[in-house]
Amino acid sequence: MLGLQVNLSSLLEPLGFIKIFSIFVFASCGVYKGTTTILVSCKGVVNKTVTAAFAYPFRLNTAVFSAPDPTRCSGTWTDFHLVGNFSSSAQFFVTFAVLVFLYCIAALVLYVGYMHLYRNTGKIPLIDLVITVMVAFLWLVSTSAWAKALTDIKISTGPSIVQEIASCKLPGSTCLFASVTGMGTLNMSVVSGLLNMILWGGNVWFVYKETSLHNPSNSTPRSSGIYPPPTGI
């Protein structure tokens with residue numbers, strides 16, 4: 001049976017504990033809900049508010065501007081769907097953040113309670129190094145993809161949508177862009193992704209120093225005891 005040796009000092013490792021900040025990614029992106037609003041004037045209608053609601057995972061092509069009145073502007077209004085489906089980038093970004101968060105929790109359990117296994121087993125630090133490199137790279141990929149998707153979302157829900165609505169171009173009909181829900185939390189999710197990429201990338205060196213590649217003595221089994229915390233996760 002594996003021995004449990006509590007080492008709470010592992011929680012104080014700056015480069016380890018701070019990487020748990022992946023929680024801010026799915027907390028700021030995964031719960032977002034917003035609307036974009038236009039003012040429609042047509043036959044029998046003056047400055048009627050029409051709203052299209054959208055949310056994570058940002059399948060904008062399912063959000064629709066419905067008719068501003070029961071008569072559908074005397075039969076001239078055609079429902080307009082927002083353009084774009086950004087669910088793949090959004091879900092990849094959020095799902096990856098959740099998986100990283102769970103990995104960090106598991107790693108903290110290992111560091112706090114089973115430090116002797118980490119120090120005495122040469123394979124675990126090597127696995128930690130490989131995972132750290134992969135996670136840093138995937139933070140770059142997922143954040144870049146989500147940042148591009150967010151830019152397109154802002155365009156698809158911004159003032160330019162008025163020019164795309166065919167019903168607004170008919171004689172006697174006018175449309176004015178009114179507002180769109182602020183996307184500050186989505187901007188913060190991108191910043192959090194970049195921060196996580198930097199933290200994981202910078203931590204590669206510290207994890208490498210714990211492996212037998214840098215310190216061959218780490219591959220030699222040592223007697224049980226409480227050792228200083230690793231500089232990994």
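Throughout this passage, a residue is termed buried when its relative accessible area is under 20%, exposed when it is over 50%, and partly exposed in between, with a 1.4 Å probe applied to protein chains only. The structure is a predicted model, in which local features need pLDDT of at least 70 and side-chain atom pairs count only at pLDDT 80 or more, whereas totals for chains, interfaces and linings use all residues. Residues are numbered from 1 along each chain as its sequence is written, and side-chain values use heavy atoms, with hydrogens and water left out.

The cysteines were examined with a disulfide taken as a pair of cysteine sulfur atoms within 2.5 Å. A disulfide is a covalent bond between the sulfur atoms of two cysteines. The structure contains 2 disulfides, and when the bonded cysteines of the chain are numbered in sequence order, their pairing reads 1-2, 3-4.

One of these links is formed by Cys42 and Cys73, whose sulfur atoms lie 1.9 Å apart. The torsion about this S-S bond is about -70 degrees, so the disulfide of Cys42 and Cys73 is left-handed. Because Cys42 belongs to strand S1 (residues 33-42) and Cys73 to helix H3 (residues 72-75), the pair ties together parts that are 31 residues apart in sequence; helices (H or I, at least four residues) and strands (E, at least two) are here DSSP runs, numbered from the N terminus. Cys73 is buried, with a relative accessible area of 1%, and Cys42, at 8% relative accessibility, likewise counts as buried.

A disulfide also joins Cys168 to Cys175, with an S to S distance of 1.8 Å, and this link is left-handed, with -80 degrees about the S-S bond. Cys168 is buried at a relative accessible area of 10%, and the value for Cys175, which is buried as well, is 10%. Burial was also computed for Cys29, which counts as buried at 0% relative accessibility, and for Cys104, which is buried with a relative accessible area of 2%.

A search of the whole structure finds 2 salt bridges. In one of them, Asp79 is paired with Arg72, the closest N and O atoms being 3.0 Å apart; Asp79 counts as partly exposed at 34% relative accessibility, as does Arg72 at 32%. A salt bridge also connects the side chains of Asp152 and Lys148, at 2.7 Å from N to O. Asp152 and Lys148 are 4 residues apart in helix H6 (residues 123-156), and are therefore separated by about one helical turn, while Asp152, at 22% relative accessibility, counts as partly exposed.

How values were computed:
Salt bridge = Lys/Arg side-chain N within 4 Å of Asp/Glu carboxyl O.
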